[in-house]
Amino acid sequence: MREMIISELSQALHEIARGFAHFLPRLIVMLALALAGWVIAYVAKMVLRSILRLVQFDKLSENAGASQLLTKAALPSATEMLSRFVFWVAWLGFILLGVSVLGILGLQEQVAKFFLFLPRLFVAMFIMFFGLLAASFFSRAALLAAVNANVPSPRVLSLAVRSIILVFVLSIVFEELGLAEQTMLVAFGIAFGALMLGLAIAFGMGGRDLARRFLEKKIVGGKKEEEEDELSPL
Amino acid sequence: MSTQGRTAVRRTEIELAEESFLTDDFLRQLINVGEADILVGLPTHNNAKTVGSIVHTIQSGILRGFPRERAVIINVDGGSRDGTPELVTGVSIDDSRPASNLNALRTLHSISTKYASSPESGVAFRTILAAAELLRAKACVVMSPLSTNVEPEWLSKLLHPIFDDDFDLVTPTYRRHKFEGLLITNLLYPMTRALYGLRIREAYSPEFGFSGRLGCQFLEQYVWNDGANGAGVELRLTLAAITGRYRVCQSFLGEKIHIERHAADLVPALRQTVGTLFSALGPDFAVWSMVAGSQSPPTTGADHEVVLEPVRVNRKRLREMFSTGVAELESVFRSILSPDTLAELQGIARLGEEEFHYPAELWVRTVYEFAASYQRSVISRDHIIQALAPLFRGRVVTFLKENRNAFADEVENNIESLCLEFERLKPYLLQLWKSRE
C-alpha cells in the first residue's frame, strides 16, 4: 500500500515535471516573443510617429475635426493616438502569437479570430477617419455657401450635412466591424429617416417665406429692385 | 549641345505640344494665315448680342491704327450655342471701311475655334498665346466680348506702346464710378502695389495688350494644368511681367461698361483675383519679399478717372451679411485669423449702422492673415477665399460711408491712404510668412 502511494506520487511528480519541462520552453518562447514584440512594436511606433509628423497628419486630423474630438475627450494628439494604437496592436499581436505557442486549447481559436479581425479594424478606422474628413469638408462648404448666399440659419444647414454624412459613415464602420449588424441597420434606417423627415419639416416650415419671395420675384418681378442695390466687385 | 541648339530643341518641343493641344482645323487655319504682326484675341461664350459690334470695332481699330500691318482676329469660343463663332467669322471688313475711310493694305484674317464645350478662361488664353507664338505675332491684344462701349482707339492705345515704345505689357485704366470695382480698389490694387512695388490700377482686366516675347515666355513657364482651370490667368500674366522685369505701362481707355456683372459674382470674382494673387505669393516670395515702397508705371492718359453719379446701395443689407458672416463663420475664422483680429471683427459686427466702422488697418491685417493662412492651407484654399467674402462686404460698407459725399480727389485720397496702409503693414505679412517656416 505504502509503496503504491509512493509510486503514484512519484509518477504524478514525474508527470508534473515532464509537463513543466514540456511547458517551460514554450513559456520561454512566449516571453521571448513578447519581448521581441515589444521592441518591434516600439520601433514601429517611433517610425510611424516620425512619418505622421513628416506628413503633418495632425493638420489633416484637425481638418477632419478629429483633433477637436480628441481634445474634448482630453486625449493626446491624433499622431500620438495612432502611434500608440499601432504599438499596442503590434505588441498584443506578438503576445497572442506567444500564447498560441503555449498550445492551450481554446485560446488558439480566439487568437486566430483576433488576427482575422485586425484587417477589418484597420479598414473601419480608415473609413472613420476619412468619413470625419468628408463630413468636416462638406459641412464647412455648405456653411460658407449658405452664408454667402444669405440663406437663413446657415449653421443648421451645415450641421444637417455633417449629421447625414456621419450617420452614413458610422453605419458603414459598424457593418465593417460586424458589430450588431441587424441593430445598426434598423438604427441607421430610423436615424436617417428621422433626419430626412426633420429636415423636410424644417425646410417646409422655415422655407415658406423664402419660397414666397422666390415666387414673387419670378412672377411679380421684384428682381429689378434688388439689382439696383448691387455693385460690381470688378 | 550649344545654348542655341538647346533653345531650338526646346522651341520645337513647345511647338509640338501646342500642335497637339490645338485642333487640326485650327492649325490649318493658322497655317493659311502664315505670319502676323498683330493678333487680336477674342474669347467668347454665348456673346451673340455684342460680339458683332465688337468685331466691327476691332476691324475699324486695325484699319485706322495699323493699315500696313498683318493682322488676325482669333476668336476662341467656349462652346457657344447662340451662333457667336459664325457671327465673328461672318463680319465683313467692308462694313468697317466706310466708317474709317481707310483701307487695309494687307488681308485681315478672322479665325474662330472652339476650344471646349464649356468656357474656361485659362484654356482660352492658352489657345490665344499658342496661336500668337505659331504666327510669330509681334504684338497681341485681348478684347472682352462683355464690354459694351469698346472704341476703335482702344486697339491703338493697347498696341502702340508695344510697337512704338517696346513695352511688353499694356494694362488699361478706365473711367469708373467711384463705387464700381470695389474689390480692385480695396484689395487687388493696394495689395499688388504693396507687394510687387508697381502701381498698376487694373492688374486683372479683360482688355490688355502684350508683346510676342512676353506671351511666349508666359506660355512656356506657366503651369497650365494646375486644377484651377486657369482662373485669373490674366492677373498671372501681369505678375509674371513684373517679376520677369518686363516693361509694363498703362493706357487710359475710357469708360468701362460691362454687361452681366453684379454683386452675386463676388465669390467667383474673389477666386479669380484674390485666389490668383494669394497663390502667386508662394512662388513669387523671393521677388516680393525684397520689394520696398512702390513706383508708378509709365501711363498714357489719366491713371484713373472717377464718375460721381449717385447710386442706390443697400448698405444695411451689406452690413447684415458681414455681421451674420462673422457670427456664423467663427469656427472657420479661428483657423484663419489671429485671436486679436477675430476679436476686433466680432466687436465691429456688434456695432449699429451709424457707428459701424471697419478700419483700414484692421482690413489690411485681415487680408494679410488670410494670405498667410492660404499659403499654409490651414483649411481648403477655396474655403479660405469664400470666407473672405462677408468680411469684404463689411469693408465695402465702410468705404461707401467714407466716400458717400466725397468728390473724386477725396475718393482717390482714401484709396491712396489704404494703399499706404498695405505698404506700411507689409512687414507684418513677412512676419506671418516667416513664422510659418
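A residue is buried if 20 or more other C-beta atoms lie within 10 Å of its own, exposed if 12 or fewer, and partly exposed in between, with C-beta atoms placed from the backbone. By this rule, 16% of the 234 residues of chain A count as buried. The views below come from a predicted model, in which local features need pLDDT of at least 70 and side-chain atom pairs count only at pLDDT 80 or more, while totals for chains, interfaces and linings use all residues. Residues are numbered from 1 along each chain as its sequence is written, and chains are lettered from A and ligands numbered from 1 in the order in which they are written.

**View 1. The helices of chain A.** Chain A contains nine helices and zero strands. Helices (H or I, at least four residues) and strands (E, at least two) are DSSP runs, numbered from the N terminus. Read from the N terminus on, the elements of chain A follow the order α-α-α-α-α-α-α-α-α. Two residues are in contact if their C-beta atoms, placed from the backbone, lie within 7 Å. Of the contacts in chain A between residues at least 6 apart in sequence, 66% join residues at least 24 apart.

**View 2. The surroundings of L33(A).** L33(A) lies in helix α1 (residues 2-54) of chain A. Is L33(A) buried or exposed? L33(A) counts as buried because it has 20 C-beta neighbours inside 10 Å. Leaving aside residues up to four places away in sequence, L33(A) touches F94(A), L97(A), G98(A) and V101(A).

View 3. Chain B has 19 helices and nine strands, and 48% of its 437 residues are buried. A nonpolar core is a set of buried Ala, Val, Leu, Ile, Met, Phe, Trp, Tyr and Cys residues joined through C-beta atoms within 7 Å. The largest such core has 134 residues, and those with the most contacts inside it are I38(B), L39(B), V40(B) and I74(B). Apart from this core lies another of six residues, among them L52(A), F57(A), A66(A) and A78(A). Residues up to four places away in sequence aside, V40(B) touches I58(B), A71(B), I73(B), I74(B), V141(B) and M143(B).

**View 4. Helix α3 of chain B.** The buried residues of α3(B) include V51(B), I54(B), V55(B), I58(B) and I62(B). The expected span of a helix is 1.5 Å times one less than its number of residues. The 18 residues of helix α3 (residues 48-65) of chain B should therefore span 26 Å, and the end C-alpha atoms are 26 Å apart, which agrees.

**View 5. The two domains of chain B.** Domain 1 (3-307) and domain 2 (315-436) are given by the domain assignment of chain B, and such bounds come from an automatic or database domain assignment. Their contact takes 26 residues from domain 1 and 24 residues from domain 2. On the side of domain 1 that touches domain 2, α8(B) gives the most, with 10 residues.

**View 6. The contact between the chains.** This contact takes 31 residues from chain B and 19 residues from chain A. In chain B, α8 (182-196), α11 (266-281), α13 (315-328) and α17 (381-402) each supply at least two residues of the side that touches chain A.
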